Amino acid sequence: MAKYPKVNYIGNKEKLVNWIIKEMPVKNGTVLDIFAGGCSVSYALKNSGYSVIANDILYADYVIAKALVENSDTKLPINVLDKKVSDKRVQELEEKFSFLTDCLYYPEEVKELSKLVAIAEKLKGSEKYMMLALIRRAMIRKLPYSRMNVPWEQIQKLRDEDYSYMKYKRKRAYHNQTFESHIRENIDEYNGAIFAKEECKVYNCDAFDMVKKIDFVDVVYMDPPYPSTMNNYDAFYGMFDEMFDKKRKHTDYTQKTSFLDNMDKLIKKLVGKTRYIVLSQNTRVQPEPDEIEAMLKKYGKVTIKEKKHNYQVTGKENKNASKELLFILEMEA
């Protein structure tokens, strides 16, 4: 069985996918993963024989889905890194990506990143998305805490290996590796993750727009940003979207004051378009789980499954013991 590779995605369900798949209310058919994120659930669904539709508004997530979920047979040759690109194009991209300089990376690193993106521009289809997914992984790997909203002063401090060792007893030398070295380290794992099963499709749009694109699916799986938790995905990965002019406005599911209302509206749009909705949440969220359950019950029968699970936060276990919840809504006919 193919193995999901390292993507470094906050809130990823990689450690929960076996449980999620086990609790799916149907054992075959089509599942829409409407907030695909790091795509670990979409990938596991595909691996389990489901036909998958993966969607996310972030382009950073879309490239992962195109590379690892929709892609069924294309692998990226290592010699792609030797592809010749024009100095002019690299310079143009370097100017375009200047907002990253002394914000996320040093000037010489932005130049290297520009060359790698120029190489990606010369590729087509799944090869292009494999390259972009590896670039994204390299960008995240070089950043402390694996996110793009860490202040530059803190990034510089934590990339000082002596300081990192003094403070955390780890030098974290990988922050100072080149982008290319990270790609070379990960390319075999990404290539090894590619496999063919049922047809899978990938979209890059707001959840409400995604609903308009489907006639009927067996299950809609929902893993929205958990309200009242660490959930600012636009800030975590949005600069990747900015690089490719893909940053767009979308419905906000991060706020506890509007979460229920937005979810209610979304589920109402899905009436007649699915048999089941499976919603991931956690006992730490606000609004409370019983409020979420009450909203869901307007649309049918609700079953709740739970599993003890602690998310990792900055390399340490979150000591606030919590449970992962699956709300399984069987829609009324």
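## Model and confidence

The model is predicted, with local features needing pLDDT of at least 70 and side-chain atom pairs counting only at pLDDT 80 or more, while totals for chains, interfaces and linings use all residues. Residues are numbered from 1 along each chain as its sequence is written, and side-chain values use heavy atoms, leaving out hydrogens and water.

The protein chain has a mean pLDDT of 95, and 97% of its residues reach 70 or more; pLDDT is the predictor's confidence in each residue, from 0 to 100. Over residues 313-317, pLDDT stays under 50. For that stretch the model has six contacts beyond four places in sequence, a contact being heavy atoms within 4.5 Å.

## Helix α2

Helices (H or I, at least four residues) and strands (E, at least two) are DSSP runs, numbered from the N terminus. Helix α2 spans residues 40-47, and eight of its eight residues are buried, where buried means under 20% relative accessible area, exposed over 50% and partly exposed in between (1.4 Å probe, protein chains only). Lys46 and Asn47 are among these buried residues.

The elements that cover them include helices α1 (17-22) and α3 (59-70), along with strands β1 (30-33), β2 (51-55), β3 (200-203) and β4 (217-222). After α2 comes Gly49, with a positive phi near 95°.

## Tyr237

Tyr237 lies in helix α11 (residues 233-243). Its relative accessible area is 1%, so Tyr237 is buried. Leaving aside residues up to four places away in sequence, Tyr237 touches several residues, including Asn8, Tyr9, Leu58, Arg136 and Met148. Met139 is 98 residues from Tyr237 in sequence, and their C-alpha atoms are 9.8 Å apart.

## Two helix pairs

Axes are lines fitted to C-alpha atoms, for helices over the stretch in contact, and angles run from 0 to 180 degrees between N-to-C directions. Angles under 35 degrees count as roughly parallel, over 145 as roughly antiparallel, 65 to 115 as roughly perpendicular and the rest as oblique.

Helix α12 (residues 259-269) packs against helix α13 (residues 289-296) at about 25°, with axes 10 Å apart; the two are therefore roughly parallel. Residues of α12 including Phe259 and Asp264 meet residues of α13, among them Glu291 and Leu296. The axes of α7 (residues 152-159) and α8 (residues 161-168) come within 5 Å and cross at roughly 85°, and these helices are therefore roughly perpendicular to each other. Here Lys157, Leu158 and Arg159 of α7 meet Glu161, Tyr163, Ser164 and Tyr168 of α8.
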